[in-house]
Amino acid sequence: MNPDDEPTIRVGMIWAQGLNGVIGRDGTMPWHLPEDLRHFRELTVNHPVVMGRRTWESFPEQFRPLPDRTNIVVSRTLTMDDEIATQQAPGAVVVPDFQSGLNAALESDGLDQVWVIGGSSIYEQALDVATVVERTLINAEPEGDTYAPELDESWQRTRVEPAEGWVRSREGLEYRYERWERVENNDD
Ligand SMILES: NC(=O)c1ccc[n+]([C@@H]2O[C@H](COP(=O)([O-])OP(=O)(O)OC[C@H]3O[C@@H](n4cnc5c(N)ncnc54)[C@H](OP(=O)(O)O)[C@@H]3O)[C@@H](O)[C@H]2O)c1
């Protein structure tokens, strides 16, 4: 890489949603889908992850920080003083805004991919800079209070698994994995 080049990082977003766009209810996820949690781990492990404070708090204490990933938490209310932040969000890097989250990701181990892992407010802020979305679509319409962003025509589905229909989880929930990528803009 030319030393004058700005360091770059590929920004991806990852979420699971119902057919109605719901991703969360009452500070947690409205379904139990261990298969998807494994999928999430496989994709994000060894990459920095950026999340909002509520998503951080949605993980049970014994499961945070998410292991083998630099956990970056965006918050205006968690104190920025290093020592206090460490007590408030042990094991996480706390940043005051989304862009600082991306900067922190760039500084963590020089990895080339950061995953934005929610929630709704953080996905909205990442939408313009993200180039890939890994979305698990769940064949249900759960009640909820938090929604995934809409993927407009600037996004194209480039992968779906299975190619047709759904996978049925051990607990009977149907789902499929989709990859969406930002379509190149050739107008320039
Ligand atoms: N299904 C999925 O894949 C999935 C994934 C992730 C989350 N979820 C669900 O989504 C829900 C949480 O999402 P949410 O949208 O309510 O909350 P969130 O995005 O996780 O967190 C919101 C918080 O992030 C901080 N924040 C956001 N933008 C900021 C900015 N520009 N500058 C500084 N701080 C900022 C603020 O924290 P402060 O209030 O501390 O300032 C804000 O209150 C939960 O139900 C969770 O289970 C689902």
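This is a predicted model: local features need pLDDT of at least 70, side-chain atom pairs count only at pLDDT 80 or more; totals for chains, interfaces and linings use all residues.
**Entry 1: the pocket**

I started with the volume of the largest pocket, which comes out at about 1,400 Å³. Its lining is made up of 49 residues. I looked up which of them lie nearest the centre and got Arg54, Thr55, Ser58, Phe59 and Ile117. Then I went through the elements that give two or more residues to this lining: strands S1 (10-18) and S2 (22-24), plus helices H1 (34-44), H2 (53-58) and H5 (120-126). H1 has the largest share, with 7 residues. Sorted by class, I have 21 nonpolar, 17 polar and 11 charged residues in the lining.

**Entry 2: the ligand's place**

Where does the ligand sit? I found it in the largest pocket. There are 29 residues around the ligand, and Arg53, Thr55, Ser75, Arg76 and Thr77 come nearest. S1, S2, H2 and H5 each put at least two residues into this shell. Here H5 gives the most, 5 residues. By class, I note 10 nonpolar, 14 polar and 5 charged residues in the shell.

**Entry 3: contacts with ligand oxygens**

Next I checked some distances to oxygen atoms of the ligand. For Thr55, a side-chain N or O atom is 2.6 Å from one. For Gly119, I have a backbone N or O atom at 3.0 Å from a ligand oxygen. Val74 also uses a backbone N or O atom, at 3.5 Å from an oxygen of the ligand. Last, I looked at cover: on its own the ligand has 920 Å² of accessible area, and the protein covers 90% of that.

Technical notes:
Residues are numbered from 1 along each chain as its sequence is written. Side-chain values use heavy atoms; hydrogens and water are left out. On a 1 Å grid over the protein atoms alone, a cavity is a set of points where a 1.4 Å probe fits but cannot get out, and a pocket is an open set with protein on both sides within 12 Å along at least five of seven lines; lining residues have an atom within 4 Å of a point. Grid points are joined across faces, edges and corners, and a volume is the space filled by probe spheres set on the points. Helices (H or I, at least four residues) and strands (E, at least two) are DSSP runs, numbered from the N terminus. Ala, Val, Leu, Ile, Met, Phe, Trp, Tyr, Cys and Pro count as nonpolar, Asp, Glu, Lys and Arg as charged, and the others, Gly among them, as polar. A residue is near a molecule or strand if one of its heavy atoms lies within 4 Å of it. A polar contact is a pair of N or O atoms within 3.5 Å; within protein, one must be able to donate a hydrogen and the other to accept it, and residues adjacent in sequence count only if both atoms are side-chain atoms. Accessible areas come from the Shrake-Rupley method with a 1.4 Å probe; for residues, only the protein chains shown count as cover. A molecule sits in a cavity or pocket if more than half of its atoms lie within 2 Å of its grid points.
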